[in-house]
Amino acid sequence: MIYDLVIIGAGPAGLYAATCAAMNKIKAVIIESSSEYGGQLTLYREKTIYDMPGFARINANDLANNLFEQYKEYENEVPLHMNTQATGVEEHDDHYVLHTNQGLFITKTILLANGGGMFAPKKLEITEAEAMNNIFYFVKDTSQFKGKDVIVLGGGDSAVDWALTLVDIAKSVTLIHRRHDFRAHQHNVDDARKRLNVMTPFVAKDVIGVESAKALIVENMETKELVSIQTDAILVFYGVSPVKSKMDQWAVDVKDNSILVSPNMQTSRKGIYAVGNSVFYEGKLRMIVTALGEAATAIGAITKFFYPEKTLTYKH
Ligand SMILES: Cc1cc2nc3c(=O)[nH]c(=O)nc-3n(C[C@H](O)[C@H](O)[C@H](O)COP(=O)(O)OP(=O)(O)OC[C@H]3O[C@@H](n4cnc5c(N)ncnc54)[C@H](O)[C@@H]3O)c2cc1C
């Protein structure tokens, strides 16, 4: 399959670009290196944002979910590949071959929406856990948990959503969080409390096993009591932390460590566009609202690139 466009990054800029691309009938795909959409919004989920047009105030987590909900209307037209990290690009006569950790994408244009860099999952801070083959930081295939005793660690939407997803597949699901209060949607938390074993306030302390974890030792944060839980698989959703991207691999012109773009968000390389926190132009502001505006501008330019005659058809 040859795409018209691959969008790299599912932060605010990338998600909105995917929505705009679908509206303009561009044959596109969006890839995200982590297991969560929302980019930097996932770093400050609880923070209130006061400078989002149309909202006197909005929680960062809600804004990420709203952007995703809007994109989701078009997910069949512009699929999202999570856990897919762009690693390099090869230029051919009339297309690019994008290298990722999940294989190659052939595309005529690329939109860099990689923001401040990649986000890597925060790991379980237990040295023995590193070598174990049944501790996961994202889910690729739910069938691998069929009939298993699964522990899910974390208190955000990812942890709660995955625990609820697996409850009908696994033999048992235990959701463990260090606080009584979750950061996830209350409706889902209530559902989880009804349908699966929820343990709070517990924190993972040790893993028992050699190549694979057989039991997890957790500590009650209030009583300091240690409890051992038998398990076949442990899923860790402790959120993500930023890892700087290497811009030089794209061989586009940079200024102040950011990608230099023209007013239509084109980089120095034909067919490669860039938006959001990773770009530089005179007067650039590193804000969500500018990232979203740049996404619309870039998709407008990419639409013109493919259909010079076409009138842009954003829904109003
Ligand atoms: C603490 C904090 C508070 C903030 N508060 C506000 C505020 O109140 N108002 C405001 O307007 N702005 C705020 N910002 C800034 C705002 O979050 C950013 O401007 C915005 O997130 C930029 O969006 P983006 O899509 O360009 O990049 P990002 O949000 O950085 O998203 C980039 C995405 O690309 C992915 N990615 C990176 N490299 C690759 C790769 N090689 N392959 C695949 N995927 C990749 C990343 O995993 C990430 O999901 C705040 C920032 C911080 C850190």
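## Chatting through a predicted two-domain model

Colleague: Which residues make up domain 1 and domain 2?
Modeller: The chain is split into two domains, with bounds that come from an automatic or database domain assignment. Domain 2 is 123-238, and domain 1 is 2-120 + 241-306.

Colleague: What should I know about the model before we go on?
Modeller: Residues are numbered from 1 along each chain as its sequence is written. This is a predicted model, where local features need pLDDT of at least 70, side-chain atom pairs count only at pLDDT 80 or more, and totals for chains, interfaces and linings use all residues.

Colleague: How many Å separate the centres of the two domains?
Modeller: The centres of domain 1 and domain 2 are taken over C-alpha atoms. Done that way, the separation is 31 Å.

Colleague: And how many residues does each domain put into the contact?
Modeller: Two residues are in contact if their C-beta atoms, placed from the backbone, lie within 7 Å. By that rule, domain 1 gives 5 residues and domain 2 gives 5 residues.

Colleague: How do the residues on the domain 1 side divide by class?
Modeller: Ala, Val, Leu, Ile, Met, Phe, Trp, Tyr, Cys and Pro count as nonpolar, Asp, Glu, Lys and Arg as charged, and the others, Gly among them, as polar. The side of domain 1 that touches domain 2 then has no nonpolar, 2 polar and 3 charged residues.

Colleague: Which residues come nearest to the ligand?
Modeller: A residue is near a molecule or strand if its C-beta atom, placed from the backbone, lies within 6 Å of it. There are 36 residues around the ligand, and by class they are 17 nonpolar, 15 polar and 4 charged. The ones that come nearest are Gly 9, Gly 11, Gly 39, Gly 115 and Gly 276.

Colleague: Which helices and strands each supply at least two residues of that shell?
Modeller: Helices (H or I, at least four residues) and strands (E, at least two) are DSSP runs, numbered from the N terminus. The ones you want are α1 (12-23), β9 (118-121) and α5 (288-306).

Colleague: Why is α1 called roughly parallel to α2?
Modeller: Axes are lines fitted to C-alpha atoms, for helices over the stretch in contact, and angles run from 0 to 180 degrees between N-to-C directions. The axes of α1 and α2 (residues 60-72) are 8 Å apart, at an angle of about 20 degrees. Angles under 35 degrees count as roughly parallel, over 145 as roughly antiparallel, 65 to 115 as roughly perpendicular and the rest as oblique. So α1 and α2 come out as roughly parallel.

Colleague: What is the handedness where α1 crosses α5?
Modeller: The two axes come within 8 Å and cross at roughly 35 degrees. A crossing is left-handed if the near helix is turned anticlockwise from the far one by less than a right angle, and right-handed if clockwise. For α1 and α5, the crossing is right-handed.

Colleague: How do the residues of that α1 with α5 contact divide?
Modeller: Among those meeting are Pro 12, Ala 13 and Tyr 16 in α1, and Ile 288, Ala 291 and Glu 294 in α5. The contact has 13 nonpolar, no polar and 1 charged.

Colleague: Where does Pro 201 lie?
Modeller: Most residues other than glycine have a negative phi, and most peptide bonds are trans. Thr 200 and Pro 201 are joined by a cis peptide bond, with omega about -10 degrees. Pro 201 lies in the loop between β13 (197-199) and β14 (202-209).

Colleague: And which loop holds Lys 25?
Modeller: Lys 25 isn't a glycine, yet its phi is positive, near 60 degrees. Lys 25 sits in the loop between α1 and β2 (28-31).
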